[in-house]
Amino acid sequence: MAIHYRTKGFIFKKIDFREADRIFTIFTKDFGKLKILGRAIRKIKSKLRGGMELFYLTNIEFIQGKTYKTLTDASLIEGFPNLRKNLKRLKIAYEISEILDDLIKGEEKDEKIWDLLKETFQRLNSFSLSIKECWLTYYCFLWNFLLILGYQPELNFCSICQKKLIPKNLYFSPKEGGVICSNCFNKVKDGKKIDPDVIKILRLILKKEMSFLEKLKIERTHQKVIKDISGNYLSFVKEGQF
Ligand SMILES: [Zn+2]
């Protein structure tokens, strides 16, 4: 008889497959990222349907078949209704799902990623969440996820000459792995000018100082730089240039 594996997981992707099947990508507590086949799950009578929506936290049970892991049972734990009611929050959930899909390669348990996802989804589901908190939740997820994967950017010392950074004329270079000083910038000519205040905000984001960040006034220009730097750094990691 086949072994039935039980765990819980965040469903972050679903693709229709064959006539009535669907393949789910799930980040599970005990096995990491898994692709699991829901057989005949698109049929109205399927008893598995209820617990298997996008961005649900669900108890799942599956068996390992020859080609696929097949879902044998599913029951909803948390549906995050407030996340679903708001387009901004949903957009963040989709971006997170893209990042998970692109950057997690193997099936490996990771409690830190699990905790970060739980924290992030709970926050996205809070009753009231300002646009700024929404925004911070995303960057907090992104940078801490990169940190867990081993892509922590250097924010205290020059990534090239290793000298302690003086808060003046600094640049951010994904290729060099973080902030660089103006001396080194003049040599490598790679990087984007970064205000020392933005570096401070990034440090707070990496420390998940959310309550402090929520109170902090973050200028629009700084928000824009954080958006650009985060996007550049993420693309760089995705392209596997590390
Ligand atoms: Zn330097």
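Gly106 counts as exposed, because 6 C-beta neighbours lie inside 10 Å of this residue; a residue is termed exposed with 12 or fewer other C-beta atoms within 10 Å of its own, buried with 20 or more and partly exposed in between, C-beta atoms being placed from the backbone. The model is predicted: local features need pLDDT of at least 70 and side-chain atom pairs count only at pLDDT 80 or more, whereas totals for chains, interfaces and linings use all residues. Residues are numbered from 1 along each chain as its sequence is written. Gly106 is located in the loop between helix H2 (87–103) and helix H3 (111–124); helices (H or I, at least four residues) and strands (E, at least two) are DSSP runs, numbered from the N terminus. Between Gly106 and Phe31, 75 residues apart in sequence, the C-alpha to C-alpha distance is 9.8 Å.

A barrel is closed by 5 strands in the order S1-S2-S3-S5-S4, with mixed pairing; two strands pair if DSSP finds at least two bridges between them. Strands S1 (residues 5–17) and S2 (residues 21–28) are paired in the antiparallel sense over 8 bridges, and Ile26 in S2 is the bridge partner of Ile11.

In helix H6 (residues 196–206), the residues Val198, Ile199, Ile201, Leu202 and Ile205 are buried. Viewed down the axis of H6, these buried residues fall within an arc of 160°, and therefore line one face of the helix; the arc is that of the directions from the helix axis to the C-beta atoms. Just after H6, Lys208 adopts a positive phi of about 55°.
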